[in-house]
Amino acid sequence: MIRIAQTENGMVRGIEAADPRITAFKGIPFAAPPVGENRWRAPQPCENWEGVREAYRFAPISVQDTPGLGDDIYCREWHVDPEIDMGEDCLYLNIWTSAKTAEEKQPVLVWFYGGGLQWGYPAEMEFDGERLARRGVVVVTVNYRINVFGFLAHPQITKEQPDAPANFGSLDQQAGLRWVVRNIEAFGGDPKNITIAGQSAGGGSVMSQMTCPDNFDLFQKAVVMSAMIRSPYFEGSVGIPEPLGEAEKNGEKFFEFLGVKNLEEARALDAFYIRDKYAEYAGEHPRMFTVLDNKFCVGDPMVLFREGKHADVHVMAGNTSDEFPNFLTADSPEELRKQAIELYGERAEEFLRFPETQHKDEQGRYAVVSGIECTVKSLFAEKSGSGRNHYYYRFDPDIPGWDDPGTFHSVDLWFFFETLAKCWRPFVGRHYDLARQMCNYWANFIKTGDPNGADADGSPMPEWKPYTMEAPCEMIFSSEGPVTNLGSENPFKMFLMDEIVRKL
């Protein structure tokens, strides 16, 4: 096993994981601490160190609201430790590897966590890379700056740093990816077989990285979980970058809120003071997200993907069944008809003929559908014949627990990482079987760009074909296991898919 590895800045010593055949390297620096003059600046080169650096523990998480203090589902699920180390010196990554030598050239997964670009961290217990490493994948989880520290924009920053005026968290991700390309061979990984992946804001980050022209040759595959979000009914959505000028105005207001006159004064403030003031500010003002700076971010990633202006790679994407449903509300059929005419004009009567629009559910909703599903499918259908494979999945098993949560946003992470044994929920055999198979599919895709292969006992898993316009295929991860649905698409969803494409 590789327990000591030579990086470009010095040697690191890892520690055996729960499975001693796996070595975990935690807290490896990939950039200089983003403190002082480096706050709100693109990540700077890491300094060298002497001797062997112990890489036994996760580094501090990015500055954010203290996790684990609420009673929401995520505090129950994995944000369980209010005492977790936190600090502005946070640009570190973690590696799990089963390689015995540096010559093995195993495929590499680079993971970006979610949390709305406001919260989250690689130390979340569902992100343990050990189970994937047992399948011959080198797993890398990258920390990055978030919220006001990662996505502030301000006219003074733009003037002084025109080449990197914003998106510092995205640039951290990029720096981590580039570090992997330069260094992962020392951990038994193949720098020419890299998959970038993420869920929610991490999936949105994958879209951002995939559509940044500077990145086109850095990775070979991408996984976008619960992040291709567009509504088939209404304009606007999360994940659309804000123009730099608008983001700068928000930054000016925040500096006024802080009581500082310039960037120098803001950089001199305590990080936790800024954090707390940002939380207060966000109660009345917009939070800070990805910025259309025409440097890192050159457009709406969803539009760029549709236009083919992205890394030419194999893609897997999907959603859970219950997350972020899209629907219409109306007090009467007449009001629904009026909405349909406003939305679809001449196509309103076609829309209203679908059975899905004829009945109101118990919550008063008409035409409930997953906008993520429709968005992924519409974009993938347009990629038919591109020479790259595009795989769609839907996560739809029962999820046990007293809170009866359904397939809530993020629950599939326990399964893809095969870490559900760490969860408090009373999962039983069928859940563990599904997690094993989902992790198998994922590992196969990371290795080859094709998720298909055998289960642990050598039996073939259900075939998962690419989603194409001619032969739409969806993989449904159900309580009974993986189920392939191959054939014609639902006509109602096809109508909405067309509308999403039209809006893009």
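Modeller: Gladly! Let me start with a word I will need throughout: helices (H or I, at least four residues) and strands (E, at least two) are DSSP runs, numbered from the N terminus. This is a predicted model, in which local features need pLDDT of at least 70 and side-chain atom pairs count only at pLDDT 80 or more, while totals for chains, interfaces and linings use all residues. Residues are numbered from 1 along each chain as its sequence is written, and side-chain values use heavy atoms, with hydrogens and water left out.

Our close look is at helix H15, which runs over residues 429-448. Its 20 residues reach 29 Å from the first C-alpha to the last, close to the 28 Å expected at 1.5 Å a residue (the expected span is 1.5 Å times one less than the number of residues).

Within helix H15 you will find Tyr-441. Its relative accessible area is 1%, so Tyr-441 is buried (buried means under 20% relative accessible area, exposed over 50%, and partly exposed in between, with a 1.4 Å probe and protein chains only). Setting aside residues up to four places away in sequence, Tyr-441 touches a set of residues that includes Met-316, Pro-451, Met-461, Trp-464 and Phe-477 (contact means heavy atoms within 4.5 Å). Met-461 is 20 residues from Tyr-441 along the chain, and their C-alpha atoms are separated by 8.6 Å.

Another residue to look at is Asp-412, in the loop between E16 and helix H14 (413-416). Asp-412 counts as buried because its relative accessibility is 0%. Leaving aside neighbours within four places in sequence, Asp-412 is in contact with Thr-320, Tyr-393, Phe-395 and Met-438. Asp-412 and Met-225 are 187 residues apart in sequence, yet 9.1 Å apart in space, C-alpha to C-alpha.

Next, a pair of helices. Helix H13 (residues 371-382) and helix H16 (residues 491-503) pack at an angle of about 75°, with axes 9 Å apart (axes are lines fitted to C-alpha atoms, for helices over the stretch in contact, and angles run from 0 to 180 degrees between N-to-C directions). H13 is therefore roughly perpendicular to H16 (under 35 degrees counts as roughly parallel, over 145 as roughly antiparallel, 65 to 115 as roughly perpendicular and the rest as oblique). Among the residues making this contact are Cys-374 and Lys-377 of H13, and Leu-496 and Ile-500 of H16.

In H16, the buried residues include Phe-492, Phe-495, Leu-496 and Ile-500. What covers the buried residues of H16 includes helix H11 (333-344), strand E15 (365-370) and H13.

Finally, the cysteines: the structure holds zero disulfides (a disulfide is a pair of cysteine sulfur atoms within 2.5 Å). For Cys-46, the nearest cysteine sulfur is that of Cys-90, 13 Å away. Cys-46 counts as buried because its relative accessibility is 16%. For Cys-423, the nearest cysteine sulfur is that of Cys-75, 14 Å away. With a relative accessible area of 8%, Cys-423 is buried too.
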